[in-house]
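Thanks for coming. I will go through one structure today, covering its disulfide, its salt bridges and its cavity. Please have a look at it first.

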Amino acid sequence: DRAGRPEAGTSMGATTVRISKTLASSISLIAALVAGSASALAQDCPADLPTVEPGKLVMSINATIPPRQFIDSSGNLQGLHPDLGNEIARRLCLEPDYRNVGFEVQIPGLANKRWDMINTGMYYTEEREKIIRLVPYTVNALAIVVQRDNPDGIEGYESLAGEPVGTEIAGFADRLIREINDEQVAAGMASMDIQAFNTFAEAFAALGAGQVKAVFAPDSTGAY
């Protein structure tokens with residue numbers, strides 16, 4: 001229900017837990033691997049781990065969501081998720097190996113054994129839980145991000161009726177803003193012009209250029 005929607009520009013409250021329970025790193029093979037990770041610090045490295053490549057922990061990531069995951073000015077992968085992945089690999093005595101790919105191919109790639117785990121910002125949904133193993137480790141909010149000083153006076157979802165709104169394609173934010181828009185249209189409001197970009201970086205570039213009135217994105221990314 002609408003009580004479960006994140007308020008514009010604020011963190012989500014307790015009623016949003018079921019809609020976007022956590023940002024979860026989606027893991028298939030790693031579920032078996034992590035069982036021995038806690039003890040890996042205190043004993044020899046686990047042997048014969050069934051990884052995609054021997055001696056490596058291959059992880060998919062889409063490095064377009066600063067500060068959680070991004071490529072810095074020197075071309076290096078940075079952020080919370082790479083740090084987490086590096087530590088998991090270290091505890092398993094494996095070399096971390098990242099594949100920077102689009103969000104939309106990450107679950108199919110995991111299913112086709114192109115990588116051992118997905119290490120990216122992925123919201124918990126019941127649909128995803130049916131096909132992959134989700135490991136909750138953080139709670140993340142979504143927010144409406146507007147230009148500095150809010151020149152268009154955007155105060156909430158209703159302010160975006162009839163306006164162009166950017167987000168990243170195929171993610172939870174894309175799905176949720178469309179659900180909110182459908183509810184507003186059913187209530188007689190004008191439809192948002194939702195523009196799904198390949199990355200949040202492209203969405204924010206469009207915001208800066210005045211091509212969209214707002215971007216619906218993780219609040220940490222908007223603040224960054």
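I start with Cys45, which is partly exposed at a relative accessible area of 45%. On this scale buried means under 20% relative accessible area, exposed means over 50%, and partly exposed is what lies in between, using a 1.4 Å probe and protein chains only. Before going on, a word on the source: this is a predicted model, local features need pLDDT of at least 70, side-chain atom pairs count only at pLDDT 80 or more, and totals for chains, interfaces and linings use all residues. Residues are numbered from 1 along each chain as its sequence is written, and side-chain values use heavy atoms, with hydrogens and water left out.

Which residue does Cys45 join? The partner in the disulfide is Cys93, with an S to S distance of 2.0 Å; the criterion is a pair of cysteine sulfur atoms within 2.5 Å. The two cysteines are 48 residues apart, Cys45 sitting in the loop between helix H2 (37-40) and strand E2 (56-61), and Cys93 in the loop between helix H3 (80-91) and strand E6 (95-100). Helices here are DSSP runs of H or I with at least four residues, strands are runs of E with at least two, and both are numbered from the N terminus. Cys93 is partly exposed too, at 37% relative accessibility. The link is left-handed, with -80° about the S-S bond. A search of the whole structure finds one disulfide, so defined as sulfur atoms within 2.5 Å.

Next, the salt bridges. Side chains of opposite charge can pair when their charged atoms come close. The cut-off is a side-chain nitrogen of Lys or Arg within 4 Å of a carboxyl oxygen of Asp or Glu, and the structure holds ten such bridges. Glu53 takes part in two that I want to show: with Lys56, where the closest N and O atoms are 3.6 Å apart, and with Arg99, where they are 2.8 Å apart. Arg99 lies in strand E6 and Glu53 in the loop between H2 and E2, so this pair ties together parts 46 residues apart in sequence. As for accessibility, Glu53 is partly exposed at 26%, Lys56 at 24% and Arg99 at 25%.

Elsewhere, Glu127 bridges to Arg175, with 3.7 Å between the closest N and O atoms. That pair links helix H5 (residues 126-129) to helix H6 across 48 residues. Glu127 is partly exposed at 45%, and Arg175 at 38%. Back at Glu53, shared partners join Glu53, Lys56, Asp97 and Arg99 into one network.

Last, the cavity. On a 1 Å grid over the protein atoms alone, a cavity is a set of points where a 1.4 Å probe fits but cannot get out, and lining residues have an atom within 4 Å of a point. How many cavities of 30 Å³ or more are there? The count is one. The largest cavity has a volume of about 170 Å³, volume being the space filled by probe spheres set on the points, which are joined across faces, edges and corners. Its lining has 17 residues, and Ile65, Gly121, Tyr123, Phe200 and Pro218 lie nearest the centre. Helix H6 (residues 172-186) gives the most to that lining, with three residues.

Definitions and conventions
1 Å grid on protein atoms, 1.4 Å probe; cavity = no way out; pocket = protein on both sides within 12 Å on 5 of 7 lines; lining within 4 Å.
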